[in-house]
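This briefing goes with the sequence and structure shown below. Please look at the model first and then read the points by topic.

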Number of protein chains: 2
Amino acid sequence: MEQRILIIEDDIFLREELIHTFQKEGYSVMSISSFQSPEQEIINSHPSLVVLDINLPGKSGFELCKWLKGRCSFPILILTACDTLEDELNALGLGADDYLTKPCHPERLLARAVRLLDTYRKVPDLLQIGDLSFDTETCKVMWKNDSLTLPETEGRLLKLLMEQAPAIVSKDYIAMEIWGGTEYVDENILQVNMTRLRKNLDKIGLKSIIQTVRGQGYTLHISDSQQSDIE
Amino acid sequence: MEQRILIIEDDIFLREELIHTFQKEGYSVMSISSFQSPEQEIINSHPSLVVLDINLPGKSGFELCKWLKGRCSFPILILTACDTLEDELNALGLGADDYLTKPCHPERLLARAVRLLDTYRKVPDLLQIGDLSFDTETCKVMWKNDSLTLPETEGRLLKLLMEQAPAIVSKDYIAMEIWGGTEYVDENILQVNMTRLRKNLDKIGLKSIIQTVRGQGYTLHISDSQQSDIE
DNA sequence: GCAATCCTTACACCGACTGTAAGTGTACAT
DNA sequence: ATGTACACTTACAGTCGGTGTAAGGATTGC
């Protein structure tokens, strides 16, 4: 499997140096085009590892790190000039996987990056929204120490809902993705499977996290009362 | 789930200090009694994290790290006085998850340890022997980029074989573990499932890794030609 | 209160998993 | 060499979970 590394660093020279460092080792390297709201761009690039600076023009690296760690399951390696213990503890607390300070020997950076890539290859690809996480491979839903394995169809359904959440997912889109073509597919089969999915999620305490939007489709939304904000 | 931290450090004063540091945070802390062949003791203690020194009376930390990483799936944090880049690269290359140098601020150590514990909670418990790894929860067998999900019974069978490997596992023991009682269980059912398991492992290229020991039981052994020694 | 939309339940089909049975193959001892 | 104990393989049937169909009930919004 190809390993994709995403560099988030505003200093052009350092960025080029980092890109070169990783490319020399055969990695596919990317960087982002805008620092204003890079979140979507980062997610869409599906990186295997993110190398993140702290002092950025737009959102700080801390904010980005926290936001990403709440949603994605790739490792984040922070590389920054901030060399205080306080910053390091802060970053690690927000979920950063490693914290290196500039200037950093390329070999150390590489070794740390390789380590994270190795470790995370064993981590299943998890979709997560708040406390809810879902392993799309095994169809395992986890929620507050409870877990449950869904059948294939319901798993694909949940996957679609979580990927787009909290946006509304249209019935046509779902039918297209799961049964391939909205043409001759009975619309009822979606409803049946939705009922089954809801019933299964109920079992582990996830009551009514799937809302119906009449005439449009479905949304997944976890109410605040179901969140365990550790903040 | 309780988090168990194992300290492997021969200096008594530092060891006590480390134990205290982690205990203050509510972790269950252990250390080992002998440094001559601590491998079995380490494995039996089922740690969630190992804090490992490099300069030890018996085997070096490097050796231990490599040995453990080939067999277990808990994180290893190296804490040592060796502060050369070379040592760090060596350790990371052997699979160490983090590398800190003494003296180390307790808060940094704690933050790094917490980070590893958090990450590894998402890593499935893998049984592994050489290149072969097996997720006992999902019954997923992985071997050299190929993978396959086994049915329940065959998974339990493989689990028993891998746990004891390369020792011989008796038929009675297997019957006991899987069907609960060797009394009225047809011995044939074991053979049938063994055939099925072998056939399934064949599919991903694992030919004849299960040997029959006439009159005694079965062994799992991966021949050298099947190993991809990265050394 | 009516029509469109959505939900639920029951049922039947299919395939995967499992154990039974019977026959075939193999190794060891005499 | 030959027979016996042991091991292997294949075929078969029961069971169960997952899936889609069908039909009827409930809800929403005008």
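The points below cover DNA surfaces, strand pairing, helix packing and backbone features.

The model is predicted, so local features need pLDDT of at least 70 and side-chain atom pairs count only at pLDDT 80 or more, while totals for chains, interfaces and linings use all residues. Residues are numbered from 1 along each chain as its sequence is written, and chains are lettered from A and ligands numbered from 1 in the order in which they are written. Helices (H or I, at least four residues) and strands (E, at least two) are DSSP runs, numbered from the N terminus.

**Surface near DNA strand C**

- DNA strand C is surrounded by 20 residues, where a residue is near a molecule or strand if its C-beta atom, placed from the backbone, lies within 6 Å of it.
- The closest of these residues are A:Thr195, A:Thr212, B:Pro151, B:Glu152 and B:Thr153.
- Two or more residues of this surface come from each of α8 of chain A, α6 (152-164) of chain B and α8 of chain B.
- With six residues, α8(A) gives the largest share of the surface near DNA strand C.
- By class, six residues of this surface are nonpolar, eight polar and six charged; Ala, Val, Leu, Ile, Met, Phe, Trp, Tyr, Cys and Pro count as nonpolar, Asp, Glu, Lys and Arg as charged, and the others, Gly among them, as polar.

**Surface near DNA strand D**

- Around DNA strand D there are 20 residues, and the closest are A:Pro151, A:Glu152, A:Thr153, B:Thr195 and B:Thr212.
- At least two residues of this surface are supplied by each of α6 (152-164) of chain A, α8 (188-203) of chain A and α8 (188-203) of chain B.
- The largest share of the surface near DNA strand D is the six residues of α8(B).
- The surface near DNA strand D contains six nonpolar, eight polar and six charged residues.

**Strand pairing**

- Strands of a sheet pair through backbone hydrogen bonds, either parallel or antiparallel.
- Two strands count as paired if DSSP finds at least two bridges between them.
- In chain A, β4 (residues 76-80) and β5 (residues 98-101) run parallel and are joined by four bridges, with A:Leu100 in β5(A) as the bridge partner of A:Leu79.
- Between β4(A) and β5(A) the chain passes through helix α4 (residues 85-93) of chain A in a right-handed β-α-β crossover; right-handed applies if, with the strands pointing away from the viewer, the path from the first strand over the helix to the second runs clockwise.
- In chain B, β1 (residues 4-8) and β2 (residues 28-31) are parallel and share four bridges, and B:Leu6 is opposite B:Met30 in β2(B).
- The link from β1(B) to β2(B) goes through helix α1 (residues 12-24) of chain B, and this β-α-β crossover is right-handed.
- An open sheet of three strands in chain A has the order β10-β12-β11 with antiparallel pairing.
- β10 (169-170) and β11 (210-213) of chain A are at the edges with a single partner strand each, so one side of each has no neighbour in the sheet.
- Four bridges connect the antiparallel strands β11(A) and β12 (residues 217-220) of chain A, and A:Val213 is opposite A:Gly217 in β12(A).

**Helix packing**

- The axes of α4(A) and helix α5 (residues 106-121) of chain B come within 9 Å and cross at roughly 15°; axes are lines fitted to C-alpha atoms, for helices over the stretch in contact, and angles run from 0 to 180 degrees between N-to-C directions.
- α4(A) and α5(B) are therefore roughly parallel to each other; angles under 35 degrees count as roughly parallel, over 145 as roughly antiparallel, 65 to 115 as roughly perpendicular and the rest as oblique.
- The crossing of these two helices, α4(A) and α5(B), is left-handed, meaning that the near helix is turned anticlockwise from the far one by less than a right angle, whereas clockwise is right-handed.
- In chain A, the axes of α6(A) and helix α7 (residues 171-179) come within 10 Å and cross at roughly 135°, which makes α6(A) oblique to α7(A).
- The crossing of α6(A) and α7(A) is right-handed.
- In chain B, the axes of α6(B) and helix α7 (residues 171-179) come within 10 Å at a crossing angle of roughly 135°, and α6(B) and α7(B) are therefore oblique to each other.
- α6(B) and α7(B) make a right-handed crossing.

**Backbone features**

- A:Lys102 and A:Pro103 are joined by a cis peptide bond with omega about -5°, and A:Pro103 is in the loop between β5 and α5 (106-121) of chain A.
- A cis peptide bond also joins B:Lys102 and B:Pro103, with omega about -5°; B:Pro103 is in the loop between β5 (98-101) and α5 of chain B.
- A:His46, a residue other than glycine, has a positive phi near 45° and lies in the loop between α2 (39-44) and β3 (49-52) of chain A.
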